[in-house]
Amino acid sequence: MSSSPDIAGILENTKELDRLRKEQEEVLVEINKMHKKLQATPEIVEKPGDTSLSKLKNLYIQAKELSESEVTVSNILLTQLDSLLPSGPTGQQRRKLVAEGNDQKRKRMKVDTDVTRVSPSMRNQIEAYASLRGEQVAARVTADDADKDEWFVVKVIHFDRETKEVEVLDEEPGDDEEGGGQRTYKLSMSCILPFPKRNDPSSTQEFLPGKHVLAVYPGTTALYKATVISTPRKRKSDEYLLEFDDDEEDGALPQRTVPFHKVLSSSFLSSSSSSATELLLLRLADSDFGTRAGYRVRMRPILMKGHERPLTFLRYNRDGDLLFSCAKDHTPTVWFAHNGQRLGTYRGHNGAVWSCDVSRDSSRLITGSADQSVKLWDVKTGKELFKFKFGSPARSVDFSVGDKLAVITTDPFMERTSAIHVKRISEDPEDQDGESVLTLQIPDGRKRINRAVWGPLNQTIVSGGEDAVIRIWDAETGKLIKESNEEDGHKKTITSLCKSADDSHFITGSLDKTAKLWDMRTLTLIKTYTTGVPVNAVAMSPILDHVVLGGGQDASAVTTTDHRAGKFEAKFYDKILQEEIGGVKGHFGPINALAFNPDGRSFSSGGEDGYVRLHHFDADYFNIKI
């Protein structure tokens, strides 16, 4: 005779589960307080004796332990409940027995099953879902290779009472969907969440400040996790004030207002594929990599918020311990590359800063800006050492090997045409002058040159821009040596250019939705990588045959497009096989900048959303087999 667990034991475990969840909520509130404190005053961590970071770490540890305890207690409860359930044939065995009967018996059993198994509450639920026809609902539509649920706004077009499936219409699919038009799905009832009735606010559940919810991001048909900042009642309106999560890391988007009828409870997410720890530590959830190749590498990104405007460029120093970022907010910033802590800023530009480079010994920084100047800075002190003045915006900057020269591109402006300038960099700032050693002009001077870099041994200069032509110039005479042809070259604007670690080859990204790998000396096309979106940024691993592409769409189209259509994902490709091997999502806007750490063990991305995301690879990443 088998023994059943004591009901009192089950009740005791449910109480323990409630206690753990209450403690988790308390810890999350404290974590959110620390997040807001650090976002408001990030400089506080630099003060002697400050313990903010250690307190935050302890809170994370406490949250993780509570979550693991919850999983343990939940598993115990499941075991206890399973042993109380009546034994008998499994569902599969029962179906087999039915199949072995005659047709009349099958029909009778089917009728009996329909009558006896549908409880009154289930019948009410079926009627409720049947009444949703023609209404908009939230639907969980998750790709086969996705590790996280994706929720979209769809319209119900049919409910099948027998299969209990809801047929829905996605009226605004992303541009990654085949066909590009409207698309239908058949989903189980558990994948559908009705929205509150917009004409009856009093009958809907109110979510208190600090509560995690799922809400429609303004201007899109996609739902994201968010935290309630203020309720409609407090705001005396029909809208919540929410702080959207990026669903992967510590940090948040600017606060947004969302109508109450577009906000749902997130409590149902506990039954999804994510672990309890990932759900609890929502802002620390892992990024996914490698799903296309049938494996999964877990990466924990660090979200760095220091810019108020979209990112434009990222650059590591030679040692890989510092990361420099440029943005449209006029202020280049330097970060510690291992933990994402902001080290300092360089103040002095009066326009967007488009690019930067750092000297080999990490003593000097050069930046190019829309304020028609290029500045030299002391990396350590942030002091401006020299200012190169131009009559048009400066776009691209690049130090030569040895740091004695710099190549700079300027945009067409008024009567001025685009140009490439070579400046001599003096060892002593007191001896620095603004004279150009060499100035180069492209055939169509009204087309912008987006990038120019030094070739091997400083003998050549490689450039690319709006005319979609790559050119190799003699760095001493200024003579044009080679240029890409129409057959092999890009069809639209070249947005980015990145050299390999040994200067033997380079990769270009273009708005024509491709990236191309070229031989640095011969300009021979080696490989082409095709993606479904315009490419804004490219980077190459210094240690593996991997290239990473970022983009999504032109910045001017961001506000008019569904966030799903933007494909804001850094995509990894095998350099040799040209196959896509993985992707890292997270940005809420197009990716404008990418950079690999020189040690190859991490990479960073900068987006139109104003965030820098720092990703450290796990050990499994280096054992990928294609």
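This is a predicted model: local features need pLDDT of at least 70, side-chain atom pairs count only at pLDDT 80 or more; totals for chains, interfaces and linings use all residues.
A residue counts as partly exposed when its relative accessible area falls between the buried limit, under 20%, and the exposed limit, over 50%. Q372, with a relative accessible area of 23%, is therefore partly exposed.

The chain has 626 residues, of which 50% count as buried. Among contacts with a separation of 6 or more, 50% join residues 24 or more positions apart.

Q372 has a positive phi of about 70°. Its place is in the loop between β19 (364–369) and β20 (373–378). L523 also has a positive phi, near 60°. L523 lies in the loop between β32 (514–519) and β33 (525–530). The relative accessible area of L523 is 9%, so this residue is buried. Q372, at 23%, is partly exposed.

Salt bridges were considered next. Side chains of opposite charge can pair when their charged atoms come close. The count for this model is 12 salt bridges. One of them joins R315 to D357, with the closest N and O atoms 3.2 Å apart. R315 belongs to strand β14 (residues 311–316) and D357 to strand β18 (residues 353–358), so the bridge ties together parts of the chain 42 residues apart in sequence. R315 is partly exposed, at 24% relative accessibility. D357 is buried, at 7%.

A further salt bridge pairs R395 with D411. Here the closest N and O atoms are 2.6 Å apart. This pair, too, links distant parts of the chain, 16 residues apart. R395 sits in strand β22 (residues 394–399), and D411 in the loop between β23 (405–410) and β24. Both R395 and D411 are buried.

R471 forms a salt bridge with D467, and the closest N and O atoms of this pair are 2.7 Å apart. R471 has a relative accessible area of 6%, which lies under the 20% limit, so R471 is buried. Elsewhere, salt bridges link three residues into a network: E16, R19 and E23.

Charge also gathers on the surface. E427, D428, E430 and D431 form a patch of negative charge there. E427 is located in the loop between β24 (419–424) and β25 (436–440). With a relative accessible area of 71%, E427 is exposed, because the limit for that class is over 50%.

L385 was compared with this region. The residue is part of strand β21 (residues 384–389). Although L385 and D428 are 43 residues apart along the chain, their C-alpha atoms are separated by 9.6 Å. D428 is itself a member of the negative patch. Residues up to four places away in sequence aside, L385 touches R364, L376, W377, D378 and P429. Its relative accessible area is 22%, so L385 counts as partly exposed.

T331 is found in the loop between β15 (322–327) and β16 (333–336). At 13% relative accessibility, T331 counts as buried. Leaving out neighbours within four places in sequence, T331 is in contact with H307, T345, Y346, R347 and V353.

T345 lies in strand β17 (residues 342–345). With residues up to four places away in sequence again left out, T345 touches T331, P332 and T333. The C-alpha atoms of T345 and V334 are 6.2 Å apart, and the two residues are 11 residues apart in sequence. T345 is partly exposed, at 26% relative accessibility, whereas T331 is buried, at 13%.

Notes:
Residues are numbered from 1 along each chain as its sequence is written. Side-chain values use heavy atoms; hydrogens and water are left out. Patches are made of residues with over 30% relative accessible area and no salt bridge: like charges are joined within 9 Å, nonpolar side chains (Val, Leu, Ile, Met, Phe, Trp, Tyr) within 5 Å. Accessible areas come from the Shrake-Rupley method with a 1.4 Å probe; for residues, only the protein chains shown count as cover. A salt bridge is a side-chain nitrogen of Lys or Arg within 4 Å of a carboxyl oxygen of Asp or Glu. Lys and Arg count as positive and Asp and Glu as negative; His and the chain ends are not counted. The place of a charge is taken as NZ of Lys, CZ of Arg, CG of Asp or CD of Glu. Helices (H or I, at least four residues) and strands (E, at least two) are DSSP runs, numbered from the N terminus. Buried means under 20% relative accessible area, exposed over 50%, partly exposed in between (1.4 Å probe, protein chains only). Contact means heavy atoms within 4.5 Å.
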